[in-house]
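User: Could you take me through this one and tell me what stands behind the terms you use?
Analyst: Happy to, just ask as we go.
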Amino acid sequence: MAKQIPDLEATVRTGTGKGAARQARREGFVPGIVYGGSADPLPINIPFNVLLKKLKAGRFLSTLWNLKVDGEEDVRVICRNVQRDVVKDLPTHLDLMRLKRTTRISLFIHVEFINEEEAPGLKRGGVLTIVRPEVELNVQAGEIPEQIVVDLTGRDVGDVIHISDVDLPNGAKVTVDRDFVIANISAPSSLRSSDEEEGEETVEADEVEATEQASDE
């Protein structure tokens, strides 16, 4: 299932250069430029508050956006750079690159866990520890998956789920060249406590036995 691409709304910026950019900032916008593809570079303005909110949400530079500009056709873009004020660390300019559907890009994709009720380890009170709620994949711009699905059917306490255990969407490739951990199922706290108590009792028994042997000698 293809991932729904979020909208990024902007307006055409009249004029170019530092003067026009400063004017845009005074009016509450962040100036930017859209480049790439077969079209000419397009100067734009994005409302400051809107952009700041999206930046704070995270993954802005690794998200594919559907850029909507009045008077222009919607186009898919990815942000290649966000310039910030050196003192306030607030956005002052951004560069957006146009993408074709066949262009390959690296994006973070959400990991969805299913069939928890079919996992013996969870039925026994085990705890699912999610190590990577998102995984970076290299995919085509026109085939971005909505999520990566991890089936927990048959998973028991002590099981560790690696990326190699997951069926990736067609055409998707992991950007990290190692078999990293996605999640694991750990023992319930009550079981861990029982094991620890048993271990302590064993140690105490060994100490008593050693003491008795020393006395006999």
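User: What makes β8 and β13 a pair, and in which sense do they run?
Analyst: Two strands pair if DSSP finds at least two bridges between them. β8 and β13 (residues 181–186) have four bridges and pair in the antiparallel sense. I130 stands opposite A183 in β13. This is a predicted model, where local features need pLDDT of at least 70, side-chain atom pairs count only at pLDDT 80 or more, and totals for chains, interfaces and linings use all residues. Numbering starts from 1 along each chain as its sequence is written, and side-chain values use heavy atoms, leaving out hydrogens and water.

User: Why are β8 and β11 called edge strands?
Analyst: β8 (127–130) and β11 (160–162) each pair on one side only. The open sheet has three strands in the order β8-β13-β11, with antiparallel pairing.

User: What makes α2 a helix, and which of its residues are buried?
Analyst: Helices are DSSP runs of H or I with at least four residues, while strands are runs of E with at least two, numbered from the N terminus. α2 covers residues 48–57, and L51, L52 and L55 are buried there, meaning under 20% relative accessible area with a 1.4 Å probe, protein chains only; exposed is over 50% and partly exposed lies in between.

User: How do you know that the buried residues line one face of α2?
Analyst: Seen down the axis of α2, they fall within an arc of 100 degrees, so they line one face. The arc is taken from the directions from the helix axis to the C-beta atoms. N49, K53 and A57 are exposed on the face turned away from the buried side.
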